[in-house]
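Please look through the model below with this note beside you. The points go chain by chain, and then turn to single residues.

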Amino acid sequence: MFRRTSAWERSYITVVSKHSKVEDFGTVDRVGIEERVAKFTTRSIKKQSKLWGLNTAVSMVDLTTLEGKDTPGKVASLCQKARQPSDDSSIPPVAAICIYPSLIKEARKLLADSPIKIASVATAFPSGQSSLKVRLQEVKYAVNAGADEIDMVINRGLFLAGEYDAVQDEIAAVVEATGDATLKVILEVSELETYDNIRAASFMAMQVLRPGDFIKTSTGKASGSATLANTQVMLEAIRDFYLDTGIPIGMKPAGGIRTAKQALHYLVAVKETLGDAWLNSSRYRFGASSLLNDLLRQIHKEKSGAYQAPYYFSEAAGSY
Amino acid sequence: MSERIPVIKTPKVYVGGAFIRSESGRTFPVYDSGGQFVANVPQCTRKDLRNAVEAAAKAVPGWSRRTPYNRGQIIYRLAEMLEARADEMTGVLRQFAPAWTSAAEQEVAETVDRLVHYAGWADKYEQVLGSANPVAAPFFNFTLTEPIGVVGIIASDSAPLLGLLTQAAAAIVSGNTVVALASESAPYPAITLGEMLATSDLPGGVVNILTGYRKELIPTFATHAHIRGIDAVATGDDATALRRGAADSVKRVKVRQPDINWSSEFNESVYEIRNFIDFKTVWHPIGA
Amino acid sequence: MAVTLDPSDKDSGSKDEKKKHGHKLSVPELIFGDLWEYDPAPETADPRIRSRYDLFIGGRFVAPQAGEYFASINPATEETVTEIAVASAADVDSAYVAAQMAYETVWRTMPGRERGKYVYRIARLLQDRAREFAVAESIDGGKPIKESRDFDVPMAAAHFFYHAGWADKLAYVAPGRTVQPIGVVGQVIPWNFPLLMLAWKIAPAIAAGNCVVIKPAETTSATAMKFAELLQEAGLPDGVVNIVTGGGETGAALTGHPAARKIAFTGSTDVGKLIMRQLAERGTRMTMELGGKAANVVFEDSPIDQAVEGVVHGIFFNQGHVCCAGSRLLVQESIAESFINKLQQRMETLRVGNPLDKNTDIGAINSREQLDRICELVESGVAEGAKLYQPSCALPSRGFFYRPTLFTEVTQSHRIAREEIFGPVLSILTFRTMDEAIEKANNTMYGLSAGVWTDKGSRILRMAAELKAGVVWANTFNKFDPASPFGGYKESGFGREGGRQGLLDYVDLS
């Protein structure tokens, strides 16, 4: 019969070393994967299945504000929106809010009695261009301030210089620094540029993560962010890693997902790649700010049958 | 002083780079245009044809993988050999074809020129017949040509040299190999041609020439599945038999009329080469 | 800083709760269950199929002389879709008369740029009515609406648009020669891509100045007859295209007609051979696009997930009713087991069912006859010792449906490895070296298409050269384009369709 091991099977358990190459983790054909995800967008999600998808998407949102002009007031309003996205009480709260470390304490107070997680970016977000020591200190600061989840960035400079073992060592160090907090590792896919790189970086991260940690596409601060295709590369990496090791890693596409329709396409990809066990907020998140309001708009439309104006929803951008 | 008795050549056919008699041991006599007996040429059988197809098939990979430049030079070399032996070939044509000196000389000269013409196509037809295709998706898409393999030739009686080599040159220039049945009424020029092929640089098995009876061999040419194309001078029942037999293995058949004007430039064409090539289209994503 | 990479230490520093999950998840499995079911999403556009279709001869719908019709059914419901006329030899003859008349009086002499405008019109009208045609195609033939909508109909329109532009540029088709139309050509097409095959045949023929008598397949004539209506809207001169319907007898009358200057056939190799014999005496010019048994060769260094997708698309596209389907998977032994696992996993998410549902991946088998043939060949595979796998998906209770199927432990001598099944059935063989892959891939009487999957560029080019097939898809599969010549080697036929090469098969040179 067939031999069990193979070049690409072995690659999952290949320990990253100075000699590692991106191809060791398997390759991805650009045109092929883009064709594949285009088919997800042709799935027609109607009626009850649409409502289920929209509600589930709400429950997966990491409601995010990451701006220099953020204030305690802005965060307070975000927390309120997170707890009760709309006056329709059948709509679930979001999964988490995602903010800068300096605002965690403010949020902690407001969400003390809530299941909503507080996620904080750290590690010299978004560039990561500081010493490892400083970055680890920032992680500890955020955890001590009450963050449940840490969104870190990988060192893209080291990655592109081929120092994969160092990239992985740094992630492992952050894992250690997070303690009990869940870690989300941002690959900043647009800076990695190729799907082969995204796949390899996913494995490098997953190999040192714990069950329930996440890998994440983007900071939202670079020129490109999540697409169905780069998310699919990561979903397939998660699937392969899970089947190989039994360790389930979560997925968080971030940036660029603004409409409910897009969110449904992303969930179709999850359903048809990782299956039912990933269709919940402990294994899948959307990093987004304006997505939530469009989800609410579409839920109300499904229920009432009438298209909704954006200014019916708080914090909505399109209020003309 | 007694007169020297000449040594008469025993005609053999050229198959797989060797000179052989028919496996059946059979021959048939040929007479010159004045009705004088000249020699007994092999009366090749179905088994001889089978063996020749084996030899031709064996030669396909090597011949088709040579560079086009190399194939061109070898066909050009064949023209050189024929030109150098033009007198001998003219003599043979005169002896066996009902033709006078100038016509025989002209047939040899035209044959040499035709070989030169096809020699030049070797590294050019691909650029005329193939293409890069502008498809509406992110793919590099190109179409190139490949030889189909073994081509069977049923040669002409009216121009036993020019006809045969016109058919053969168009087939082999792209990397096919050939099994040809020489003119039944004038087989001797093909015997002589075999000797010239043997001294050219053409690898054994690329051109194989049989002599014999059309009626005996046409059914096997038609149905032998390993012969992938047929270029035949034929009419009536012969043509029908070739086409009907070819259906069994889906082979293509080019039928030419016996009154074809072999001197016409229409027989010098990239579209003659096209008869016995396959087009292969290759797709590859542009991505990484 | 030092970080341990020992996998057994992966959970170092994590909280106890997480440690509990750590390595106790034995035999990891993916669950493709019903947590989030898609609701039915039927396409509702009106296909505008008439209850009965006559023959289309000389620009008009005319009743068959013998007055005979047959029912065309929807293979997904077994209900009658419409009634189709049976053309007799006399009807076929009048179609040829009309075509010959149109050729001599109008079409041959019309300047290419004017002829081209008609062909452009056809392309545009087909685009206008694309959804309607797609629904009709799915109802009549059983293919999923997403394929008829996203592939068949747009590709058919593209063929007309592409060839329209050639009509006034024929001088560039054959450098060194002058080209002329051939005359009236007879064309016979299969049931797997009814409208698309019609476009492949008609577009180059009329763009080059020929007139056409064409017969769609018996089970799938509805879109051809709708196309006839569209030709009337386009104002195409009467008789340039004539469409006759019926079964084998009609086909024989069409291919054997003395006025046909060329016969173009797409269909099975067996019928192709019959036509070649039929035409042996007359020596009519032909092009033949016949069967296939394509090998899809997957090397261990290939982009695996795209290869899985390519294999799935290669064999399950259009229920496997594709002459160039990748019906033999040759996978390198080193990755065979994991690759097959991935394939099986992928097959779990294929949705078989109502062709009109927008989420259906695999629709209905075209006819009961074809379903019986698939069943028979699958039974032979089991009987000969191959191992069968089918996913657990539910099938509709009515209509002709078949589960996507794969066979492992297949050898070269099994019937399922040699015969064209024309259904959603994949036969898997393994290989160790490139030479072995080449030998196995070429070990068939067919030579229509092949696939190769590898990350190494030089290997792609070597494989492309060695695979004896008219189309080689490297790191992709089942791609088509009007600019890209398509056709077979060996007993898959001769002649090409598409591109300049295909057009050359519709002209005479002088």
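Helices (H or I, at least four residues) and strands (E, at least two) are here DSSP runs, numbered from the N terminus. The model is predicted, and local features need pLDDT of at least 70, side-chain atom pairs count only at pLDDT 80 or more, while totals for chains, interfaces and linings use all residues. Residues are numbered from 1 along each chain as its sequence is written, chains are lettered from A and ligands numbered from 1 in the order in which they are written, and side-chain values use heavy atoms, with hydrogens and water left out.

1. Chain A, overall form. Chain A holds 13 helices and eight strands. Its radius of gyration (taken over C-alpha atoms) is to be set against the globule rule, which is 2.2 Å times the number of residues to the power 0.38. For chain A the value is 19 Å, close to the 20 Å that the rule gives for 320 residues, so chain A is as compact as a globular protein of that length. Along the principal axes, its C-alpha atoms fill a box of roughly 55 × 45 × 30 Å.

2. Chain A, interior and surface. Buried means under 20% relative accessible area, exposed over 50%, and partly exposed in between, with a 1.4 Å probe and protein chains only. By that rule 62% of the 320 residues of chain A count as buried. With a contact meaning heavy atoms within 4.5 Å, residues 24 or more positions apart account for 76% of the contacts in chain A that have a separation of 6 or more.

3. Helix α8 of chain A. This helix, residues 164–178, has 15 residues and reaches 21 Å from its first C-alpha to its last, close to the 21 Å expected at 1.5 Å a residue, where the expected span is 1.5 Å times one less than the number of residues. The helix α8(A) is mostly covered, with twelve of its 15 residues buried, including A:Y164, A:I171 and A:V175. The buried residues of α8(A) pack against α6 (132–145), β4 (149–153), α7 (156–160), β5 (182–186) and α10 (195–206) of chain A. Just after α8(A), A:G179 takes a positive phi of about 60°.

4. A cis bond in chain A. The peptide bond from A:F125 to A:P126 is cis, with omega near 0°, and A:P126 is found in the loop between β3 (117–121) and α6 of chain A.

5. Chain B, overall form. Chain B has ten helices and twelve strands. A compact globule with 288 residues would have a radius of gyration near 19 Å, and chain B has 20 Å, which agrees. Its C-alpha atoms fill a box of roughly 85 × 40 × 35 Å along the principal axes, and 57% of the 288 residues of chain B count as buried.

6. Chain C, overall form. Chain C has 16 helices and 20 strands. The radius of gyration of chain C is 25 Å, close to the 24 Å that the globule rule gives for 510 residues, so chain C is as compact as a globular protein of that length. The C-alpha trace of chain C spans about 90 × 50 × 50 Å along its principal axes, and 66% of the 510 residues count as buried.

7. Helices of chain C. The 13 residues of helix α11 (residues 336–348) of chain C should span 18 Å at 1.5 Å a residue, and its end C-alpha atoms are 19 Å apart, which agrees. Among the buried residues of α11(C) are C:F339, C:L343 and C:M347. In helix α7 (residues 222–234) of chain C lies C:E229, which counts as buried at 13% relative accessibility. Leaving aside its neighbours within four places in sequence, C:E229 is in contact with C:R50, C:Y53, C:F61 and C:R129.

8. A backbone detail in chain C. Although C:N318 is not a glycine, it has a positive phi of about 55°. The residue C:N318 lies in the loop between α10 (304–316) and β13 (328–332) of chain C, and C:N318 is buried, with a relative accessible area of 2%.
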